[in-house]
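The sequence and the structure are shown first.

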Amino acid sequence: MAKGGNVRVTITLECTSCTQDSVDQKLPGISRYTTRKNRSNTSRLELKKFCPYCYKHTIHGEIK
């Protein structure tokens, strides 16, 4: 039987290198993606995604 309730939750992923560099320089923005994850068996999520501001693939971490 399937469990009831909302097991999947929508999260936001933010570029980690843009947030670190924004203190040193003025950047045009911060790359953010939205995705869904399983709440019951997953901890903090980090995925490698393309950042259009850095022009390369960087690690995007989960934010609240």
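In this predicted model, β3 and β4, the latter spanning residues 56-63, pair in the antiparallel sense over 6 bridges. Within this pairing, Leu47 stands opposite His60 of β4. The hairpin of β3 and β4 has 4 residues between the strands, and Tyr55 adopts a positive phi near 60° there.

Strand β4 also pairs with β1 (residues 8-15): the two run antiparallel and are joined by 4 bridges. Here Glu14 has Gly61 of β4 as its bridge partner.

These pairings belong to an open sheet of 4 strands, with the order β2-β1-β4-β3 and antiparallel pairing. Its edge strands are β2 (32-38) and β3 (46-51), each of which pairs on one side only. From one strand to the next, the twist averages 45°.

**Cysteines**

How many disulfides does the structure hold? The number is 0. The table sets out two of the cysteines.

| Cysteine | Nearest cysteine sulfur | Distance | Relative accessibility |
|---|---|---|---|
| Cys51 | that of Cys18 | 3.4 Å | 0% |
| Cys54 | that of Cys18 | 3.4 Å | 22% |

A disulfide requires two cysteine sulfur atoms within 2.5 Å. For Cys51, the nearest cysteine sulfur, that of Cys18, is 3.4 Å away, and Cys51 is in no disulfide. Cys54 is likewise in no disulfide, with the sulfur of Cys18 as its nearest cysteine sulfur at 3.4 Å. As to accessibility, Cys51 counts as buried because its relative accessibility is 0%. Cys54, with a relative accessible area of 22%, is partly exposed.

**His60**

Leaving aside residues up to four places away in sequence, His60 touches Leu13, Glu14, Cys15, Ser31, Tyr33, Leu45, Glu46, Leu47, Lys49, Phe50 and Cys51.

Note on methods
Residues numbered from 1 in each chain as written. Predicted model: local features only at pLDDT ≥ 70, side-chain atom pairs only at ≥ 80, totals over all residues. Heavy atoms only, no water. Pairing = 2+ DSSP bridges. Axes fitted to C-alpha atoms, helices over the stretch in contact; angles between N-to-C directions. Buried < 20%, exposed > 50% of the residue type's maximum accessible area, 1.4 Å probe, protein only. Contact = heavy atoms within 4.5 Å.
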